[in-house]
Amino acid sequence: MTSVANWAAASTSGAYPPLPRAVVQSFYRRMRAVAPAAVGAIERDRAGGAESPFPDTACGRLVRSLDDAAVRALGMWTHHWCMRFYDDDTTVGRRLIREIATRQGLGWTADEVRWMLRETVAAGPAAADRFTLPRAAAAQLPPADRPALADWPEVEVPRQRRPE
């Protein structure tokens, strides 16, 4: 599926134009459908399954139960949640994002990638894993719809100060 707005329009730094309202609303509708199960799985994994191999976690079981479109919606919801509420409590959510990012053939659309990229840019450098899912999803797009990685904002990894 091709984007309703081409990547050239969003290729300059800070110039990621908003998507049409109907497109964004369809994303939120799909994300709301998976959100209750996602919250439950994340909470169960926080309570004790986070150290288990991913397939054995509540999040792993959730991902296995979904079709590709629902996994994309789950990835977008988790990405949105982690970007908005990034703190030490997002470890399970960030693991879920990394696991979804490794899945090939999910059928990402250019609009989904653009939406995640806008979310990522708005999150700022505090969210260290913020480009994980948008980059993986963009790599699965047809070359004509793929954003040039050189046009993406620089990834700034926060550094801890050394004790003096």
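Leaving aside its neighbours within four places in sequence, which residues is Trp108 in contact with? Hi everyone, let's start there. With contact meaning heavy atoms within 4.5 Å, the partners of Trp108 are Arg72, Met76, Ile100, Val113, Met116, Leu133, Ala137, Gln140 and Leu141.

A quick word on the model. It is predicted, so local features need pLDDT of at least 70 and side-chain atom pairs count only at pLDDT 80 or more, while totals for chains, interfaces and linings use all residues. Residues are numbered from 1 along each chain as its sequence is written, and side-chain values use heavy atoms, leaving out hydrogens and water.

Val113 sits in helix H5, helices being DSSP runs of H or I with at least four residues, numbered from the N terminus. With a relative accessible area of 0%, Val113 is buried, a word that means under 20% with a 1.4 Å probe, protein chains only. From Val113 to Asp145 is 32 residues in sequence, and 9.8 Å in space, C-alpha to C-alpha.

Now the core. A nonpolar core is a set of buried Ala, Val, Leu, Ile, Met, Phe, Trp, Tyr and Cys residues joined through side-chain atoms within 4.5 Å. The largest one has 40 residues, and Leu74, Trp77, Ile100, Trp108 and Trp115 touch the most other members. Among the elements giving two or more residues to this core are helix H1 (21-49), helix H2 (58-65) and helix H6 (132-139).

Terms used. Buried < 20%, exposed > 50% of the residue type's maximum accessible area, 1.4 Å probe, protein only.
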